[in-house]
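These entries record what I looked up in the model, from the overall fold to one helix pair.

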Amino acid sequence: MNCVSKYPQLSETYEKVRILSFEEKKAAVSDENKMNTLLDAILDLKKMISHKTEIIEELITELESITWIDESGKNELMLINDIVSSLKDFRSTLIRFYVSMNFIREKGIAKTEINQFKNAIDDLKEMTNDLESRFFILPSMPEFQETTKELSLV
């Protein structure tokens with residue numbers, strides 16, 4: 001369609017609006033696809049963070065059972081020492097991942113999942129400290145040994 005007017009500005013503006021309108025209609029479908037891709041990526045990120053959190057929580061449950069081991073010989077203590085060292089390394093890696101999500105956190109994306117992940121990292125630190133204390137720090141304290149003996153008589 002061609003618009004003829006004695007004012008060239010009207011014709012030029014008409015053509016410009018016509019082209020812009022057409023391009024925007026074409027872009028709307030593309031923009032919707034881009035938005036959907038972005039939303040899918042956010043959902044994938046949330047799932048990945050939640051999965052990491054679940055793994056950490058399951059590990060903590062396993063570690064809790066180790067704290068109840070009564071008799072531990074040299075081999076067991078060496079294994080527990082290796083577990084504690086590996087846990088510290090694992091936690092450092094998790095913290096680096098958490099820090100790498102600063103930008104995402106600042107934007108408010110996956111806020112709940114990231115907070116749960118951070119709490120799981122904190123719980124892992126506490127459990128690591130508990131293991132280390134239970135097997136390497138407390139047993140060397142006379143008060144702990146006395147209390148343990150009294151509790152075993154109950």
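**Entry 1: fold.** I began with the order of elements and read the pattern α-α-α-α-α along the protein chain. The count of secondary structure gave 5 helices and 0 strands. I note at the outset that this is a predicted model.

**Entry 2: overall dimensions.** I looked up the extent of the C-alpha trace, which spans about 105 × 25 × 20 Å along the principal axes of the protein chain. I then asked what radius of gyration the protein chain has. The value is 30 Å, whereas a compact globule of 154 residues would have one near 15 Å.

**Entry 3: burial and contacts.** I checked burial next and found that 17% of the 154 residues in the protein chain are buried. For contacts, I considered residue pairs at least 6 apart in sequence; of these contacts, 73% join residues at least 24 apart.

**Entry 4: helices α2 and α4.** Two packed helices are described by the angle between their axes and the distance between the axes. I recorded the crossing of α2 past α4 as left-handed.

**Entry 5: composition of the contact.** Which residue classes make up the contact of α2 with α4? I listed 17 nonpolar, 2 polar and 5 charged residues there.

Note on methods. Residues are numbered from 1 along each chain as its sequence is written. This is a predicted model: local features need pLDDT of at least 70, side-chain atom pairs count only at pLDDT 80 or more; totals for chains, interfaces and linings use all residues. Side-chain values use heavy atoms; hydrogens and water are left out. A crossing is left-handed if the near helix is turned anticlockwise from the far one by less than a right angle, and right-handed if clockwise. Helices (H or I, at least four residues) and strands (E, at least two) are DSSP runs, numbered from the N terminus. Ala, Val, Leu, Ile, Met, Phe, Trp, Tyr, Cys and Pro count as nonpolar, Asp, Glu, Lys and Arg as charged, and the others, Gly among them, as polar. The radius of gyration is taken over C-alpha atoms; the globule rule is 2.2 Å times the number of residues to the power 0.38. Buried means under 20% relative accessible area, exposed over 50%, partly exposed in between (1.4 Å probe, protein chains only). Contact means heavy atoms within 4.5 Å.
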